[in-house]
Amino acid sequence: MRSTNTARPIVLTLFMLLAVAVKGHQAHAQSVETLTVAGGCFWCVESDFESVPGVLSAVSGYTGGNTKSPTYKQVTAGGTGHYEAVQIRFDPTMVTRKQLLSMFLRSVDPTDADGQFCDRGDSYRTAIFTSGADQTSVAKAAKSEAQSALGQTIVTPILPATAFYPAEAYHQDYYKGRKLVLTRFGPKRQSEAYKRYRKACGRDARVLQLWGDAAPFAKGH
């Protein structure tokens, strides 16, 4: 009888601790938000935003079109309507949606309606995807503020979010990958191939030309 009475408080304590843990996990899950943007080469956007404190993950993929589960070859060939995009999961208590959008617009050439840097075509255009009036309002405010700061017309559209399809596995974290790939520079590790591509494409040079010291990522490359 004594052992039963002793066990009850222990079981009750364990149950309470479990309940607190579950509640904490649910609260954390509810605090995580998602932002989807298209900024040309998704390797570059993924690389940039995974360096931001408060960003939990950045996944390369395709969105905005009508083709279900498209492949990279299909998207870049055109006709799917999809953009190369990145879905960013972030903790809004550490970094806000507006801050991320401000960084995004200053990490691309938002005056170019036909692609980004050396990558031309519809799939490489910039865009911001939103769900609901609140997200759209935040995006419009960030775009308006960036346009005033730049002093040029920003053509990056704000579009309704549609299905997001993660890109093939070899595209994820390409910028830090260690596999050997054949490039025009010869066999290179993915991380080295990425650096050479980014420089040759002129991404950072153009962003710095447009945004100068306001460019959040270009100075680091």
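**View A. Cysteine 41 and what it touches.** Cysteine 41 touches Glu84, Asp119, Tyr124, Tyr197 and Arg203, leaving aside residues up to four places away in sequence; contact here means heavy atoms within 4.5 Å. We're looking at a predicted model, where local features need pLDDT of at least 70, side-chain atom pairs count only at pLDDT 80 or more, and totals for chains, interfaces and linings use all residues. Numbering starts from 1 along each chain as its sequence is written, and side-chain values use heavy atoms, with hydrogens and water left out. Cysteine 41 sits in the loop between β1 (33–39) and α2 (42–49); helices (H or I, at least four residues) and strands (E, at least two) are DSSP runs, numbered from the N terminus. Its relative accessibility is 4%, so cysteine 41 counts as buried (under 20% relative accessible area; exposed is over 50%, partly exposed in between, with a 1.4 Å probe and protein chains only). An unreviewed UniProt entry places the feature "active site" at Cys41; such annotations may be inferred rather than shown by experiment.

**View B. The largest nonpolar core.** A nonpolar core is a set of buried Ala, Val, Leu, Ile, Met, Phe, Trp, Tyr and Cys residues joined through side-chain atoms within 4.5 Å. The largest one has 43 residues, and Val37, Phe49, Val52, Ile88 and Leu100 touch the most other members. Elements supplying at least two residues each include β1, α2, β2 (55–63), β3 (83–90) and α5 (132–150). Zoom in on leucine 100 and you'll find Leu35, Phe49, Val52, Val55, Phe90 and Val95 touching it, again not counting residues up to four places away in sequence.

**View C. Two positive phi values outside glycine.** Serine 69 isn't a glycine, yet has a positive phi of about 45°. Serine 69 belongs to the loop between β2 and α3 (72–77) and, at 55% relative accessibility, counts as exposed. Phenylalanine 117 has a positive phi too, near 60°, and lies in the loop between β4 (115–116) and β5 (119–120). With a relative accessible area of 14%, phenylalanine 117 is buried.

**View D. α4 against α5.** The two helices pack at an angle of about 40°, with their axes 9 Å apart; axes are lines fitted to C-alpha atoms over the stretch in contact, and angles run from 0 to 180 degrees between N-to-C directions. Residues meeting across the pair include Leu101 and Leu105 in α4, and Val138 and Ala142 in α5.
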